[in-house]
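Me: I would like to go through this model by asking, for each label, what value and what cut-off stand behind it. Please set the one against the other before concluding.

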Amino acid sequence: MSYKVRIDSFEGPFDLLLYLVSRQKVDIGAISIAEIADQYLEEVSHMDNLDLDVASDFLLVASTLLEIKAQSLIPRDRGELEDELAELAPSEARDMLVERLVEYKKFKNVSEALHARFVAEGRMHTRPFGPDACFLQVMPDFLEGVTVDGMALLAARAMARREVFLLESEHIAAKPIPVEVHVRAIHRRIVNAKHLRFSDLVNDATPPEVVVVTFLAILELYKRSMVRVTQPQAFGDIQIDYIEGSGELNLVGEDALTSVGEG
């Protein structure tokens with residue numbers, strides 16, 4: 001057999017380990033069958049093709065080792081045990097008894113855990129697949145009217161759908177809003193009305209650019225001493241009053257007024 005194992009107490013061919021254990025050259029209590037099985041499964045996972053001869057030999061040797069280890073845990077006759085202990089020194093006999101008690105405790109704990117699990121699993125009952133019969137008509141049939149051809153048509157439409165191309169507008173220049181036009185318009189209104197509020201000139205639907213231009217136009221009239229501006233409350237409405245005798249509005253040839261860009 002070509003399979004090799006590597007454990008703390010032995011390293012070499014698997015069949016040689018069985019030979020040494022059967023001749024009592026290696027202590028069966030120091031061998032972990034689970035560790036050997038894990039190594040074998042890891043080796044099998046890396047094989048491209050499973051060698052049945054190697055697999056059958058491994059099962060034979062592993063089962064034999066497991067049988068030997070199980071027999072070593074079974075209490076012997078008192079006479080045989082006394083003869084075996086009589087051949088050992090007191091310290092060796094104590095170590096052997098302690099080792100067997102530890103192994104016995106392991107198997108006892110496992111048996112108790114298996115029994116508890118067996119009792120717990122015995123209280124469980126499997127449920128058949130799907131809802132109960134009384135609930136079969138409650139949930140609607142989401143596949144009603146759905147056919148294979150209809151699904152194929154929807155899939156073809158989804159795959160043939162093209163991405164919508166949106167025209168980029170970053171290259172379009174902003175349209176300027178002249179302040180001069182708003183200054184003239186507000187001046188005509190204030191001359192006729194004598195009193196206006198800022199809310200009379202703009203509302204919630206007014207674009208932000210127009211609101212800014214309107215405010216700049218009022219400041220321009222205030223700078224020319226044509227209107228009186230007051231705000232009774234912080235963040236309140238602005239009151240605009242016309243100043244009688246302020247003269248005519250003349251904006252010809254002035255460079256002070258600018259324009260605001262409209263995005």
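Me: Which residues is valine 183 in contact with, once its neighbours within four places in sequence are left aside?

Reply: Contact here means heavy atoms within 4.5 Å, and by that rule valine 183 touches Ala217, Glu220, Leu221, Leu249 and Leu251. The model is a predicted one, in which local features need pLDDT of at least 70 and side-chain atom pairs count only at pLDDT 80 or more, while totals for chains, interfaces and linings use all residues. Residues are numbered from 1 along each chain as its sequence is written, and side-chain values use heavy atoms, with hydrogens and water left out.

Me: What makes a group of residues a nonpolar core, and which residues have the most contacts inside the largest one?

Reply: The term covers buried Ala, Val, Leu, Ile, Met, Phe, Trp, Tyr and Cys residues joined through side-chain atoms within 4.5 Å, where buried means under 20% relative accessible area, exposed over 50% and partly exposed in between (1.4 Å probe, protein chains only). The largest such core has 20 residues, and Val183, Leu201, Leu221 and Ile240 are those with the most contacts inside it. Two or more residues each come from helix H7 (179–193), helix H8 (198–201), helix H9 (208–223) and strand S6 (239–242), these elements being DSSP runs numbered from the N terminus (helices H or I, at least four residues; strands E, at least two). In soluble globular proteins, nonpolar side chains tend to be buried together.

Me: How do you know that phenylalanine 198 and phenylalanine 215 are edge-to-face?

Reply: Rings of Phe, Tyr and Trp (its six-membered ring) pair if their centres lie within 6.5 Å, with planes under 30 degrees apart counted as stacked, over 60 as edge-to-face and the rest as tilted. One aromatic pair is found by this rule: phenylalanine 198 and phenylalanine 215 are 6.3 Å apart from centre to centre, with 85° between their planes, and the pair is therefore edge-to-face.

Me: Why is phenylalanine 198 called buried, and what is phenylalanine 215 called?

Reply: Phenylalanine 198 has a relative accessible area of 14%, so it falls in the buried class, whereas phenylalanine 215, at 36%, counts as partly exposed.

Me: What makes glutamate 180 and arginine 184 a salt bridge?

Reply: A salt bridge requires a side-chain nitrogen of Lys or Arg within 4 Å of a carboxyl oxygen of Asp or Glu, and the closest N and O atoms of glutamate 180 and arginine 184 are 3.1 Å apart, so the pair qualifies. Both residues lie in helix H7, four residues apart, which means that about one helical turn separates them. Glutamate 180 is partly exposed at 33%, and arginine 184 is partly exposed at 29%. The structure holds five salt bridges.

Me: Why can the bridge between lysine 194 and glutamate 244 be said to tie together separate parts of the chain?

Reply: Their side chains meet at 3.1 Å, N to O. Lysine 194 lies in the loop between H7 and strand S4 (195–197) and glutamate 244 in the loop between S6 and strand S7 (259–262), so the bridge joins parts that are 50 residues apart in sequence. Glutamate 244 counts as exposed because its relative accessibility is 56%, while lysine 194 is partly exposed at 36%.

Me: What is noted about the phi of lysine 194?

Reply: Phi of lysine 194 is near 70°, a positive value in a residue other than glycine. Most residues other than glycine have a negative phi. Phenylalanine 235, in the loop between strand S5 (227–230) and S6, also has a positive phi, near 65°, and counts as exposed at 87% relative accessibility.

Me: Which residues does the salt-bridge network join, and is glutamate 220 buried or exposed?

Reply: Arginine 224 and glutamate 220 form a salt bridge with closest N and O atoms 2.9 Å apart, and bridges that share partners join Glu220, Lys223 and Arg224 into one network. Glutamate 220 is buried, because its relative accessible area is 8%, and arginine 224 is partly exposed at 22%.
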